[in-house]
Amino acid sequence: MISKEEIKHIADLSMLNLSEAEIEKYTENMKDIVEFANSINSLDTDGVTESAFALDSYNVFRKDEIKESFDRDLLLSNAPSSNGEAYSLPSMTV
Amino acid sequence: MEYEVVIGLEVHAELSTKTKIYCGCSTEFGGAPNTHCCPVCTGMPGALPVLNEKVVEYAVKAGLATGCTIARESKQDRKNYFYPDTPRAYQISQFDLPLCEHGKIDINTDGLEKTIGITRIHIEDDAGKLAHDNYTGGTLVDLNRAGVPLIEIVSEPDMRSAAEAVAYVEKLKGILEYIGVSDCKMQEGSLRADVNLSLRPVGSEKFGTRTETKNLNSFRAIARSIEFEIARQKEVLESGGTVYQETRRWDDEKGEGYAMRTKEEAHDYRYFPEPDLMPIRLSEEYIHHIEEHLPELPESRKARYMNELGLPEYDAGILTSSKHLSDFFEAATAACGNAKAVSNWIMVDIIRVARELGVEYDALPFTPVQLAGLIKLIDNGTISSKIAKEVFEEMVNTSKDPEKIVEEKGLVQISDESAIKEVVDRIVAANPQSVADYKAGKDRALGFLVGQCMKEMKGKGNPQILNKLILEHLQ
């Protein structure tokens with residue numbers, strides 16, 4: 001039910017280069033994950049309202065009030081590369 | 001073959017909230033790179049987004065102002081794509097339950113009224129900005145804009161020309177400005193449009209294959225990119241080719257559009273409900289409260305200008321096309337009580353001046369009260385309307401009060417009958433031929449005599465008195 005083509009497609013969308021061996025491995029892994037998730041289909045959901053959420057919680061809002069932003073140096077320190085002001089990447093189409 | 005063009009628009013408007021959609025960072029435009037950022041808007045794992053209540057309020061306002069139905073139950077979804085302007089690798093948007101649906105707005109092109117359907121309005125977060133790094137040849141990422149709230153307004157494919165598309169965006173921009181949910185500064189990117197366009201043979205019911213030209217940020221770019229894309233698709237179809245469904249960009253400097261590389265447009269967003277954000281439930285009271293407090297919209301102002309102030313429909317339409325212009329009109333009218341005169345000045349001179357100076361109507365070099373002062377000077381006979389034009393130009397150039405300009409330049413109108421009579425006597429005596437022509441029924445001769453008298457008085461003669469005295473003299 002999970003094909004190698006699907007794994008390749010997902011890898012492409014995330015711009016990952018996977019080797020043939022990795023594709024084999026992830027196809028097997030993904031099969032296990034999907035099978036596990038599919039076990040939920042055995043539940044009887046007749047009469048249960050469709051919902052995207054497990055909690056009965058809604059309207060969790062915050063006020064439109066400015067909070068101090070983070071220290072830039074600290075944020076940029078998470079990136080492999082920066083020029084001190086901005087995150088620095090290999091050339092992308094801008 | 002004759003083709004019909006079919007256009008639908010997706011308009012993105014940045015909401016003018018103080019803070020971002022899911023965190024308390026400032027939305028202010030133009031800060032130093034990456035200084036309005038925090039773990040939430042830079043996509044740090046484990047950071048929890050919390051929805052800004054103003055974003056919901058503004059989106060509902062926009063929905064109500066465009067005749068939409070407001071969803072009582074709505075949710076947010078993840079739209080997955082991998083690109084460095086979106087560090088989370090997904091945008092938080094709305095998929096199947098948008099806040100607003102099924103609206104419409106009316107547009108007018110060349111006197112023809114038309115209704116454009118609005119499919120939906122949903123909330124989402126803006127992406128960061130990428131810039132070319134001249135130093136390394138790489139790409140730099142600034143995430144100040146990441147997380148700025150947007151509404152995306154999706155139209156039905158109801159437009160049939162570039163003019164209709166521009167009229168639609170102008171109308172929409174006007175509405176968003178009136179209700180104060182977006183500053184709609186197109187040059188700063190706070191209002192931008194994606195154009196979906198296809199051709200089909202005239203009479204055909206079926207839509208052709210459409211392309212989407214993204215991120216157009218001026219009315220001129222919208223109009224030109226549409227003309228370009230119509231011509232391109234027509235050429236493809238006429239040469240027996242196929243139009244491919246693709247995403248395109250518009251190069252405004254070169255005046256041409258081009259297809260994005262296929263890799264950039266791998267559309268497979270794998271939407272799923274955003275588990276970090278709880279559903280939005282809106283009560284009747286909440287929606288009703290916002291509806292009751294909506295400011296007056298352009299259509300209603302237009303009707304008021306026509307019914308209460310007696311302005312022609314065309315003028316009322318122009319005056320209300322921009323909130324700033326309409327506010328200017330109202331402030332000047334309140335200060336001088338002569339709506340008709342204010343309208344004439346706006347229609348003839350102020351629109352021209354704003355265009356020449358390239359400024360919005362809230363940044364004109366003179367105030368509504370100063371324009372009202374100028375009109376009062378005409379209405380009480382201090383200056384003629386001819387001299388007023390001169391004073392107006394001076395107001396544009398110097399921002400001085402009209403009263404001061406009139407005083408400094410000695411432009412006060414001559415309304416003293418004896419002074420005017422003296423000039424009339426002299427001019428009439430010096431032009432016996434014109435007098436004879438007038439008596440022989442040539443009305444033009446009267447205009448000549450009036451012109452000569454006005455010239456003699458350097459344009460400062462009171463025209464009503466002058467006319468009266470010449471006619472008296474000739475009879």
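This is a predicted model: local features need pLDDT of at least 70, side-chain atom pairs count only at pLDDT 80 or more; totals for chains, interfaces and linings use all residues.
Residues are numbered from 1 along each chain as written, and chains are lettered from A in the order of writing. Local features need pLDDT of at least 70, side-chain atom pairs count only at pLDDT 80 or more, totals for chains, interfaces and linings use all residues, and side-chain values use heavy atoms without hydrogens or water.

Chain A has 3 helices and 2 strands. Helices (H or I, at least four residues) and strands (E, at least two) are DSSP runs, numbered from the N terminus. Their order along chain A is α-α-β-α-β. The radius of gyration of chain A is 22 Å, well over the 12 Å from the globule rule for 94 residues, so chain A is more spread out than a compact globule. This radius is taken over C-alpha atoms, and the rule is 2.2 Å times the number of residues to the power 0.38. The C-alpha trace of chain A spans about 55 × 45 × 25 Å along its principal axes.

Chain B contains an open sheet of 9 strands with mixed pairing, in the order 3-7-8-11-1-12-13-14-15. Two strands pair if DSSP finds at least two bridges between them. Strand 3 (69-70) and strand 15 (256-259) of chain B are the edges, each pairing on one side only. Strand 1 (residues 3-14) and strand 12 (residues 191-201) of chain B are antiparallel over 11 bridges. Val6(B) stands opposite Ser198(B) of strand 12.

Helix 3 (residues 219-238) of chain B packs on the sheet. Strands 1, 12, 13, 14 and 15 of chain B are in contact with helix 3 (heavy atoms within 4.5 Å). Helix 3 of chain B makes about 25 degrees with the direction of strand 12. Angles run from 0 to 180 degrees between N-to-C directions, and axes are lines fitted to C-alpha atoms, for helices over the stretch in contact.

Helix 12 (residues 417-430) and helix 15 (residues 463-474) of chain B pack at about 50 degrees, with axes 10 Å apart. The two helices of chain B are therefore oblique. Angles under 35 degrees count as roughly parallel, over 145 as roughly antiparallel, 65 to 115 as roughly perpendicular and the rest as oblique. Residues in this contact include Ile420(B) and Val424(B) of helix 12 and Leu466(B) and Leu469(B) of helix 15.

Helix 9 (residues 368-379) and helix 11 (residues 402-409) of chain B also pack at about 50 degrees, with axes 8 Å apart. Helix 9 of chain B is thus oblique to helix 11.
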